[in-house]
Amino acid sequence: MVKLFRPKKTTPRLERLHSLNLFVNLRPSELEIVDGLVHEREYLAGEVIFDEGEEGQAIYIVANGDVLICRQGQGEAGRVAQLGPGTFFGELALLDDSPRSAQARAATACQLIVFFRDDFVGLLDTHARIASKISRQLARHLGARMRVMAMAAGAYQHM
């Protein structure tokens, strides 16, 4: 019997990338391309990932651990959000070079997947379909965040 289609070999790293919301719509061959562009970084609890006011150069995806998004120098007292595995932050860095609006700090020891803007721009030039799928996921995420903020502002105004 001749098999016309062989299943693609997958690795735990590719499976982990596919499980992330940002990359969930990518085919295995597309994930392999993205896998060659992303970097893994490990941070100790309390370590600063980036400071408020810095130029944004990358989006960060939490693979393991927790990240605290807070006002500069305020730590837990200035908490904006606490993010766990599968979530991402700093996504506006893929779109523009405006300064970071908050500090990101490892709440626990964590492992992050980092996707630099220059690599994303290169992906737009070489693999527009893949970059388009990632951009759509970013747009969905930003739209959902804006709806939540609008609802919270509306509820606040009615109090």
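The legends below describe close-up views of one predicted model.

Residues are numbered from 1 along each chain as its sequence is written. In this predicted model, local features need pLDDT of at least 70 and side-chain atom pairs count only at pLDDT 80 or more, while totals for chains, interfaces and linings use all residues.

**View 1. The sheet S2-S7-S4-S5 is open and antiparallel.**
Four strands make up this sheet. Strands are DSSP runs (E, at least two residues), and helices are DSSP runs too (H or I, at least four residues), numbered from the N terminus. Two strands pair if DSSP finds at least two bridges between them. Strand S2 (48-50) and S5 are the edge strands, and each pairs on one side only. On average, neighbouring strands of this sheet are turned by 25° against each other, direction ignored. Here axes are lines fitted to C-alpha atoms, for helices over the stretch in contact, and angles run from 0 to 180 degrees between N-to-C directions.

**View 2. Strand S4 (residues 67-70) pairs with S5 and with S7.**
S4 and strand S5 (residues 79-83) run antiparallel, joined by four bridges. Across that pairing, Ile69 stands opposite Ala81, and Val67 stands opposite Leu83. Strand S7 (residues 103-106) also pairs with S4 in the antiparallel sense, again over four bridges. Here Val67 stands opposite Ala106. Val67 and Ile69 point one way from S4, whereas Leu68 and Cys70 point the other way. All of these residues are buried, that is, under 20% relative accessible area, with exposed meaning over 50% and partly exposed in between (1.4 Å probe, protein chains only).

A disulfide is a pair of cysteine sulfur atoms within 2.5 Å. By this rule the count is zero. Cys70 is buried, with a relative accessible area of 0%. Cys110 is buried as well, with a relative accessible area of 5%.

**View 3. The sheet S1-S8-S3-S6 is open, with antiparallel pairing.**
This sheet has four strands. Its edge strands are strand S1 (39-43) and S6, each pairing on one side only. Five bridges join S1 to strand S8 (residues 110-116), and the two run antiparallel. His39 in this pairing stands opposite Val114 in S8.

**View 4. The largest pocket holds about 570 Å³ of space.**
On a 1 Å grid over the protein atoms alone, a pocket is an open set of points where a 1.4 Å probe fits, with protein on both sides within 12 Å along at least five of seven lines; lining residues have an atom within 4 Å of a point. Grid points are joined across faces, edges and corners, and the volume is the space filled by probe spheres set on the points. The lining of the largest pocket has 24 residues, and Ile69, Gly90, Glu91, Ser101 and Arg145 lie nearest its centre. S5, strand S6 (88-89) and helix H4 (128-157) each supply at least two lining residues. H4 gives the largest share, five residues. The lining divides into 14 nonpolar, five polar and five charged residues. Ala, Val, Leu, Ile, Met, Phe, Trp, Tyr, Cys and Pro count as nonpolar, Asp, Glu, Lys and Arg as charged, and the others, Gly among them, as polar.

Conventions
Side-chain values use heavy atoms; hydrogens and water are left out.
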